[in-house]
Amino acid sequence: MNLSPISWLPAGTVYGTLLNFRREQALWAARMAEPPYKGAPRAPVLYVKTANTFSPHGADVPLPARVPEVDIGATLGLVVGAAAGPGLASVEGVVLLNDLSVPHDSYYRPPVRFKCLDGFLGIGSRCVPLAGLGELSALSLDVRVNGALRQSVRFDGLVRDAATLLTDVNAFMTLRPGDVLMLGTDCLPDGTRPRARAGDRIEIDAPGFAPLVNTLVGEATS
């Protein structure tokens with residue numbers, strides 16, 4: 001396995017956010033009225049990326065034989081600091097993330113077996129201070145697979161911007177220093193996400209950040 005020097009990894013819990021891009025929420029709107037929920041979510045819908053998923057920049061990500069391809073979820077993570085305060089005042093910095101997932105149809109509370117396989121969270125090499133980034137809503141990132149551009153994500157398309165998301169999450173749970181809250185991942189126009197297979201090199205770039213690169217490798221079989 002190819003491992004890069006580890007320069008930064010989360011010290012707390014990493015939370016993903018579902019349906020926080022307007023395009024995807026619009027695509028799912030009709031199904032939100034169906035049982036069992038019978039309406040759009042009123043609060044952020046979260047899930048957890050466990051510590052076994054952490055893959056530093058440059059590391060290989062093993063794919064089990066039963067997983068022929070993965071969805072790529074390029075996003076930004078807000079890193080909670082020790083300072084208290086409303087909204088972004090509690091944020092220490094921002095990190096580039098690649099939230100990998102086994103392709104699945106469910107949009108509420110995806111099962112752990114789809115989101116938390118070993119290595120399924122690519123993590124940028126450093127936490128970038130907010131002051132050096134400007135308005136987060138003005139940021140965009142590009143996703144390339146083997147050098148080919150597969151997606152561009154714009155953070156002016158969020159349902160809840162960074163400050164609002166933090167406020168709404170803190171209304172029902174306490175984020176602690178070291179925790180990371182993802183802003184969410186966007187879909188392509190057809191509702192899918194970019195996909196990659198064993199042997200593919202995934203690179204995520206955003207202004208102000210060093211690129212995040214991970215390579216998918218087929219898991220050795222005995």
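Helices, of at least four residues, and strands, of at least two, are taken here as DSSP runs numbered from the N terminus. On this basis the predicted model contains 3 helices and 14 strands.

The C-alpha trace of the chain extends over about 50 × 40 × 30 Å along its principal axes. A compact globule of 222 residues would have a radius of gyration near 17 Å, and the value of 17 Å computed for the chain agrees with this expectation. Buried residues account for 51% of the 222 residues. Of the contacts between residues at least 6 apart in sequence, 76% connect residues at least 24 apart. The accessible surface amounts to about 10,300 Å², with carbon and sulfur atoms contributing 53%.

Five of the strands form an open sheet in the order β4-β14-β13-β9-β10, and the pairing is mixed. From one strand to the next, the twist averages 20°. Within this sheet, β13 (residues 201-205) and β14 (residues 212-218) are paired in the antiparallel sense over 4 bridges, and glutamate 203 lies opposite valine 213 in β14.

Threonine 53 is located in the loop between β2 (45-49) and β3 (54-56). With a relative accessible area of 0%, threonine 53 falls under the 20% cut-off and is therefore buried. Its side chain reaches the backbone oxygen of threonine 50 at 2.6 Å. Apart from neighbours within four places in sequence, threonine 53 is in contact with Lys115, Cys116, Leu117, Asp118, Gly119, Phe120 and Leu121.

Conventions: Residues are numbered from 1 along each chain as its sequence is written. This is a predicted model: local features need pLDDT of at least 70, side-chain atom pairs count only at pLDDT 80 or more; totals for chains, interfaces and linings use all residues. Side-chain values use heavy atoms; hydrogens and water are left out. Two strands pair if DSSP finds at least two bridges between them. Axes are lines fitted to C-alpha atoms, for helices over the stretch in contact, and angles run from 0 to 180 degrees between N-to-C directions. Buried means under 20% relative accessible area, exposed over 50%, partly exposed in between (1.4 Å probe, protein chains only). A polar contact is a pair of N or O atoms within 3.5 Å; within protein, one must be able to donate a hydrogen and the other to accept it, and residues adjacent in sequence count only if both atoms are side-chain atoms. Contact means heavy atoms within 4.5 Å. The radius of gyration is taken over C-alpha atoms; the globule rule is 2.2 Å times the number of residues to the power 0.38. Accessible areas come from the Shrake-Rupley method with a 1.4 Å probe; for residues, only the protein chains shown count as cover.
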